[in-house]
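Thanks, everyone. I'll keep this short. Please have a look at the model on the screen.

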Amino acid sequence: MKSEVTGIQHIGIPTGNMEATTAFLTALGFQTTYDTVIDGSNQSVRFFTLNGVQIETYSVRDPADRSGAIDHFTLNVTDIERVYREVAEAGFTAIEGKICYLPFFENGVRYFTVEGPDKEKIEFNQKL
């Protein structure tokens, strides 16, 4: 897996107020780089970037609203199939039970997520 991971792709932060989160991140210098609504769910998703740091925010009804409320961090990978096999061989099961697809960015993304011992989530994501 070491050869497939190229760095942190993004940090996922749920929000109960997308406009307030947008104003906050914009005031810090981030720029909106991608904005969408997930079909069938009305869930708003917005990506922000500042000097190579990317944050994904997504609307939720009841965010944790406390310190430590970051939902997940995502590792960028070059071969999602290979990483999925290696993670399974290491004894971890994808929360989703499979590699998933979202129509984000130009060509979409494929991803899966594992959970650590303290309920931390690490997503593996390949931009297509």
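**The pocket and a helix**

By class, 10 nonpolar, six polar and five charged residues make up the lining of the largest pocket. Keep in mind that this is a predicted model.

How much space lies in the largest pocket? About 360 Å³. It is lined by 21 residues, and E56, H72, L102, Y111 and E123 are the closest to its centre. Which strands each supply at least two residues of the lining? They are β1 (5-15), β3 (43-50), β4 (53-59), β7 (109-115) and β8 (121-127).

Take H72 next. H72 sits in strand β5. Is H72 buried or exposed? The cut-off for buried is under 20% relative accessible area. H72 has 8%, so H72 is buried. Its side chain makes two polar contacts worth noting. One is with the side chain of H10, at 3.4 Å. Another is with the side chain of E123, at 3.4 Å. Leaving out residues up to four places away in sequence, H72 touches H10, I11, G12, E56, Y58, K121 and E123.

Now the helix. α2 covers residues 80-89, and its buried residues are I80, V83 and V87. Look down the axis of α2: these buried residues fall within an arc of 60°, so they line one face of the helix. What covers them? The cover includes β5 (72-77), β7 and β8. β7 and β8 also supply residues to the pocket lining, and β5 is the strand that holds H72.

One last stop. After α2 comes G91, with a positive phi, near 100°.

That's it from me.

Note on methods
Residues are numbered from 1 along each chain as its sequence is written. This is a predicted model: local features need pLDDT of at least 70, side-chain atom pairs count only at pLDDT 80 or more; totals for chains, interfaces and linings use all residues. Side-chain values use heavy atoms; hydrogens and water are left out. On a 1 Å grid over the protein atoms alone, a cavity is a set of points where a 1.4 Å probe fits but cannot get out, and a pocket is an open set with protein on both sides within 12 Å along at least five of seven lines; lining residues have an atom within 4 Å of a point. Grid points are joined across faces, edges and corners, and a volume is the space filled by probe spheres set on the points. Helices (H or I, at least four residues) and strands (E, at least two) are DSSP runs, numbered from the N terminus. Ala, Val, Leu, Ile, Met, Phe, Trp, Tyr, Cys and Pro count as nonpolar, Asp, Glu, Lys and Arg as charged, and the others, Gly among them, as polar. Buried means under 20% relative accessible area, exposed over 50%, partly exposed in between (1.4 Å probe, protein chains only). The arc is that of the directions from the helix axis to the C-beta atoms. Contact means heavy atoms within 4.5 Å. A polar contact is a pair of N or O atoms within 3.5 Å; within protein, one must be able to donate a hydrogen and the other to accept it, and residues adjacent in sequence count only if both atoms are side-chain atoms.
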